[in-house]
Amino acid sequence: MREMHKRLATLNDRGKYGFMGNGSEHIQDARLSVEALAATLSHWADIASGTDYTQGVEAFADVLEQAFASLEVTVEREQPAPYASLEGDPVAVGPLLRVRVRPDAPVQILLLGHMDTVYGDGRKSKPCVLHPDGRLVGPGVADMKGGLLVMLESLRLLEKSSLRQRIGWQVLLTPDEETGSHASHAAILAAAREAHVGMVFESSLADGSLIRKRMGNGTFRVHVRGRAAHTGRDFAKGRNAVTAMARIVAAVDDLNGKFEDALFNPGRASGGGALNVVPDSATAWFSVRIGSVAVQRELEFLLPKLFEGFAGDGIEVEWRGGFTRPPAEASSANQALHQKFGDACRSLGLPAPGWRDTGGSPTAICWQRLVYHFLMASASWVEIYTARPNLPSLTACRIVSAPMLYS
Ligand SMILES: [Zn+2]
């Protein structure tokens, strides 16, 4: 915590004395109280909001609604429709929060976050603890309630800035990121289409480094129907669904190594029953990871053909699923962003973060599109730095030279 104080003091002094570079004068009051931030974050973390614990997500949404309303904005609450699981069952999720401010301003920013965690109803998780070394540890602090707090406080600063009239923003907080953003996927994409810049407030890795690239993924469920027959009396009349499924599983596994950047994992299979009956039903579930959109497109075409190719002669094949999370590629745009990010950190006396080509920045549905726009459209006007390592996700936004904003 002391180190954090030191870093924040540095940040505040630089802001106060105008060393933050062009545009710093627009942020007049960048003083953040670490104690107040830690207290708020502890309170948020103690509200259990596991994705499936929808009443917990609702309770956290109530608290966030109030917190964002302190910016004197209108917080809208929407209820996404249930989505169909791979089994075809409807799955309900919590609410979605949206704040839109100045939608007609020349620059539009999307700030994306999720309210759910992986900690269920909280019965198995430990309460939030502030460790002597300054780390705040608790359920969902890093992923990503800390990020939501950073988002809120950054917006509070922005709203005090004289540049705000040129900046419109939309906050979208989703309830189901940890299970794949199935119910909020369409809302994220629609919001991304309206924005020039997208910011996802997931935390960095523990050592402060950021994810430059990560694989996308998809899941598929394949069901095979055959024809049952008694093995002793009518074996030839039977059509063995388990055998057909075994061939499908082997064919999917054989795809490993055939694509430069894709992994195929037959993760689960079931089927059959009594051993003296030719089985008429088998199901398998596959996870597929892809490193590029090009491979994703190729597989979207190829996989259905592969599955359906095993149908015929009394065997029926049905499949569901698809790619729900596109890959984030290490493009030249990403590398340029890395450079700018490092420059911003160094100018604040913070170490430049490293980059890793693995791990998750799971809300990256709009990553490619928006990072591209970030660099192409807005040159160098917003930089993000992370005042780590003490308070996870404690990130602040800094407004610097802004050709778009001043022109
Ligand atoms: Zn997350």
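**Around helix α6 and its sheet**

Colleague: What do the buried residues of α6 pack against?

Modeller: The buried residues of α6 pack against β11 (216-225), β13, β15 (281-290) and α7 (293-308), where contact requires two C-beta atoms, placed from the backbone, to lie within 7 Å. This is a predicted model, in which local features need pLDDT of at least 70 and side-chain atom pairs count only at pLDDT 80 or more, while totals for chains, interfaces and linings use all residues. Residues are numbered from 1 along each chain as its sequence is written. Helices (H or I, at least four residues) and strands (E, at least two) are DSSP runs, numbered from the N terminus.

Colleague: Which residues of α6 are buried?

Modeller: They are Ala-241, Ala-244, Met-245, Ile-248 and Val-252; buried means 20 or more other C-beta atoms within 10 Å of the residue's own, exposed means 12 or fewer, and partly exposed is in between, with C-beta atoms placed from the backbone.

Colleague: How many bridges join β11 to β15?

Modeller: There are 10 bridges between these antiparallel strands, and Gly-218 has Val-288 in β15 as its bridge partner.

Colleague: Where is Asn-265, and is it buried or partly exposed?

Modeller: Asn-265 is found in strand β13 (residues 262-271), and it is partly exposed because 15 other C-beta atoms lie within 10 Å. Leaving aside neighbours within four places in sequence, Asn-265 is in contact with Phe-286 and Ser-287.

Colleague: What about Ser-181, what is its phi near?

Modeller: Phi of Ser-181 is near 55°, a positive value in a residue other than glycine. Most residues other than glycine have a negative phi. Ser-181 sits in the loop between β8 (167-174) and α5 (185-193), and it counts as buried because it has 26 C-beta neighbours inside 10 Å.

Note on methods: Pairing = 2+ DSSP bridges.
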